[in-house]
Amino acid sequence: MRIKVATHSGFCFGVKRAINIAEKNLADPRYKNKIYSLGAIIHNPQVVDDLSKKGLKVIKDISSAKKGAVIISSHGAPIETIEKIKAMGLKLIDASCPFVKYAHDIVKRLKREGYRVLIIGDKKHPEVKALLSLAGKGGNKAKIGVVSQTTQNKGNYIKEVLDILKEDFKEVRVFNTICNDTSRRQTLARRLLKDRDVVIVVGGRNSANTKRLWQICKESGASSFHIETPGELKKSYFRGKSRAGIVSGASTPDSMVKKVAQKIKNLTKEG
Ligand code: SF4
């Protein structure tokens, strides 16, 4: 089996940054056993487990944090949550990705200038919840600004939305807030799909950007599978195939990609 790994894989800049911030603070004696993360700091269960072993407490509700510090994940958090953390006297450690912050800044500016704001993304995702909290309701009925979740599929964005909005609004402003890392991974996945006869997508099932990669693979009609760990790979995935490709989500460590490549080698060597 010939295996090709997408030339851009492993953690993205924002995920690396969030993990570094978490590890640095977990090593700080002032916060020993007192560091909370509101939801998963990144969307990769194996990485979150490792951080939990180092003392990070993952909580669903901010009321569960009694004292110490709260880390805001790479996806950001709603404005109400941030205010509550401050009001509770907890230290706020902001690990939001700068690309996410950039989308925040655009939404704030649109609000200031009186635009209605339309957000394209998964409304249950923490990043979109944070954007919605900034966008609020209302705004001028004649003008609208559009931003998207940083990990949206480039192909799905803009085209159809613009046509619909142009009918109802005099002024439509569209911002491409898809982050560079996401665009690059999607482009490489499309390229890999063309010269591989099976593609494995590696990443958390709760990871938005991994889900988009998987969606691109499925839509291409190529043989492809989404896994979180090498243990999920099956020999049948590679039957009758000779060229496998691997793409990974932004919160998948390089070490996991290497393990997946090794497992494919082992499975296909056995005949
Ligand atoms: S995928 Fe993009 S927006 Fe999300 S954390 Fe990584 S660099 Fe930031």
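Modeller: A cavity is a set of grid points where a 1.4 Å probe fits but cannot get out, whereas a pocket is an open set of points. The structure shown is a predicted model. The space in the largest cavity amounts to about 30 Å³. Its lining is made of Thr-182, Arg-185, Gln-186, Asn-209, Arg-212 and Leu-213. Helix 7 and helix 8 each contribute at least two residues to this lining. Sorted by class, the lining of the largest cavity holds 3 polar, 2 charged and 1 nonpolar residues.

Two of these residues lead to other parts of the description. Asn-209, which lines the largest cavity, is also among the residues closest to the centre of the second largest pocket. Arg-185, another residue of the cavity lining, is in contact with both His-8 and Ser-9.

Consider the second largest pocket next. Its volume is about 330 Å³. The pocket is lined by 24 residues, and those closest to its centre are Cys-12, Val-15, Thr-151, Asn-209 and Ala-250. Helix 1 (13-26), helix 4 (98-112), helix 7 (180-195) and helix 8 (208-220) each supply at least two residues of that lining. The largest share, 3 residues, belongs to helix 1. By class, 12 residues of the lining are polar, 10 are nonpolar and 2 are charged.

The cut-off for a buried residue is under 20% relative accessible area. His-8 has a relative accessibility of 15% and therefore counts as buried. Ser-9, at 18%, counts as buried because this value also falls under the cut-off. The side chain of His-8 forms a polar contact of 2.7 Å with the side chain of Asp-181. Apart from neighbours within four places in sequence, His-8 is in contact with Asp-181, Arg-184, Arg-185 and Leu-188. For Ser-9, with such neighbours likewise set aside, the contacts are Arg-185, Ser-248, Asp-254 and Val-257. Arg-239, by comparison, is 230 residues from Ser-9 along the chain, and the C-alpha atoms of the two are separated by 25 Å.

The domain assignment divides the chain into domain 1 (2-10 + 180-269), domain 2 (13-97) and domain 3 (99-174). Domain 2 and domain 3 both give residues to the lining of the largest pocket, so this pocket lies between them. Its volume is about 380 Å³. There are 18 lining residues, and Leu-38, Gly-39, Ile-59, Lys-60 and Pro-126 lie nearest the centre. Strand 3 (57-59), helix 3 (79-87) and helix 5 (126-135) each provide at least two residues of the lining. The lining of the largest pocket comprises 9 nonpolar, 5 charged and 4 polar residues.

Finally, domain 1 and domain 2 may be considered as a pair. Their C-alpha centres lie 29 Å apart. Between these two domains, 10 residues of domain 1 are in contact with 7 residues of domain 2.

Note on methods: Residues are numbered from 1 along each chain as its sequence is written. This is a predicted model: local features need pLDDT of at least 70, side-chain atom pairs count only at pLDDT 80 or more; totals for chains, interfaces and linings use all residues. Side-chain values use heavy atoms; hydrogens and water are left out. On a 1 Å grid over the protein atoms alone, a cavity is a set of points where a 1.4 Å probe fits but cannot get out, and a pocket is an open set with protein on both sides within 12 Å along at least five of seven lines; lining residues have an atom within 4 Å of a point. Grid points are joined across faces, edges and corners, and a volume is the space filled by probe spheres set on the points. Helices (H or I, at least four residues) and strands (E, at least two) are DSSP runs, numbered from the N terminus. Ala, Val, Leu, Ile, Met, Phe, Trp, Tyr, Cys and Pro count as nonpolar, Asp, Glu, Lys and Arg as charged, and the others, Gly among them, as polar. Domain bounds come from an automatic or database domain assignment. Buried means under 20% relative accessible area, exposed over 50%, partly exposed in between (1.4 Å probe, protein chains only). A polar contact is a pair of N or O atoms within 3.5 Å; within protein, one must be able to donate a hydrogen and the other to accept it, and residues adjacent in sequence count only if both atoms are side-chain atoms. Contact means heavy atoms within 4.5 Å.
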